[in-house]
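This report describes a protein model for a reader who is new to structural terms. Please keep the sequence and the structure in view while reading.

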Amino acid sequence: MKSSNDLLDMRVRRTDKFLWDALMALMTERDFESITVTDICTRAMVHRTTFYKHYEDKHGLLVQGIQDELKALFAAVDEAVNTPVQRAGETDTRAWLIAVFAHVLKQQEFYRLMLTGDGFNKFSTLLRKALAEHIEQRLPHEGKQTALPMALHAQLHAAAMVSMLAWWLEHDCPYPPAEMIKHINEHIDLI
């Protein structure tokens with residue numbers, strides 16, 4: 001039997017999901033700045049007082065949702081890289097980058113919304129910073145030596161990755177993840 005804390009936690013998570021899904025649906029219809037808390041609550045069928053128990057404003061909901069999505073991205077990517085399914089001979093970084101594209105493909109509705117069109121402009125910056133941090137952590141372990149300082153090298157490649165992800169999504173993901181990394185690596189010494 002579930003405790004009252006477990007039930008409360010499930011209700012909180014359900015409310016958060018309803019609010020997040022409502023915001024994402026509204027963002028497919030119009031720009032973020034024109035969306036109100038009332039719009040979100042109406043779509044989610046959640047009372048405004050409940051909304052304000054969870055979030056300060058619509059920006060708080062958006063930031064929390066984005067943070068959750070980025071955590072999910074890197075958890076999925078790390079899990080994919082740490083499985084025996086990794087291709088023989090692929091570097092850890094190459095497998096990791098393929099896993100990034102694979103996760104984005106699975107969650108393409110969210111990433112398309114955030115990276116293309118009238119999405120949330122700050123998202124590409126948050127994604128670039130998160131990718132750069134992870135790339136910088138991975139490259140030294142593979143003995144990668146560059147003429148650039150490692151932090152600059154990671155920023156350069158993270159920016160290229162975000163740009164390539166946006167292009168890929170705008171063009172309905174015409175290549176599978178491994179092929180995208182192959183094309184990128186042919187022109188940018190990413191890995």
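## Aromatic pairs

Rings of Phe, Tyr and Trp (for Trp, its six-membered ring) form a pair if their centres lie within 6.5 Å; planes under 30 degrees apart count as stacked, over 60 as edge-to-face and the rest as tilted. In the whole structure, a search finds nine aromatic pairs. The rings of F101 and W168 have centres 4.9 Å apart and planes at 70°, so this pair is edge-to-face. Because F101 lies in helix 5 and W168 in helix 8 (residues 150-170), the pair ties together parts that are 67 residues apart in sequence.

Buried means under 20% relative accessible area, exposed means over 50%, and partly exposed lies in between (1.4 Å probe, protein chains only). F101 counts as buried, at 0% relative accessibility, and W168 is buried with a relative accessible area of 0%. Elsewhere, ring pairs link W20, F110, Y111 and F123 into a cluster.

## Basis of the model

The model is predicted: local features need pLDDT of at least 70, side-chain atom pairs count only at pLDDT 80 or more, and totals for chains, interfaces and linings use all residues. Residues are numbered from 1 along each chain as its sequence is written, and side-chain values use heavy atoms, with hydrogens and water left out.

## Overall composition

Helices (H or I, at least four residues) and strands (E, at least two) are DSSP runs, numbered from the N terminus. The protein chain has nine helices and zero strands. Of its 191 residues, 40% count as buried.

Contact means heavy atoms within 4.5 Å. Among contacts in the protein chain between residues at least 6 apart in sequence, 61% join residues at least 24 apart.

## Helix 4 and helix 5

Axes are lines fitted to C-alpha atoms, for helices over the stretch in contact, and angles run from 0 to 180 degrees between N-to-C directions. The axes of helix 4 (residues 58-81) and helix 5 (residues 92-106) cross at roughly 130° and come within 9 Å. Angles under 35 degrees count as roughly parallel, over 145 as roughly antiparallel, 65 to 115 as roughly perpendicular and the rest as oblique. Helix 4 and helix 5 are therefore oblique to each other.

The residues making this contact include L73, F74 and V77 of helix 4, and W96 and H103 of helix 5.

## The surroundings of Y55

Y55 is located in the loop between helix 3 (48-54) and helix 4. With 9% relative accessibility, Y55 counts as buried. Not counting residues up to four places away in sequence, Y55 touches D16, L19, G60, L61 and Q64. The C-alpha atoms of Y55 and D16 are separated by 9.5 Å, and the two residues are 39 residues apart along the chain.
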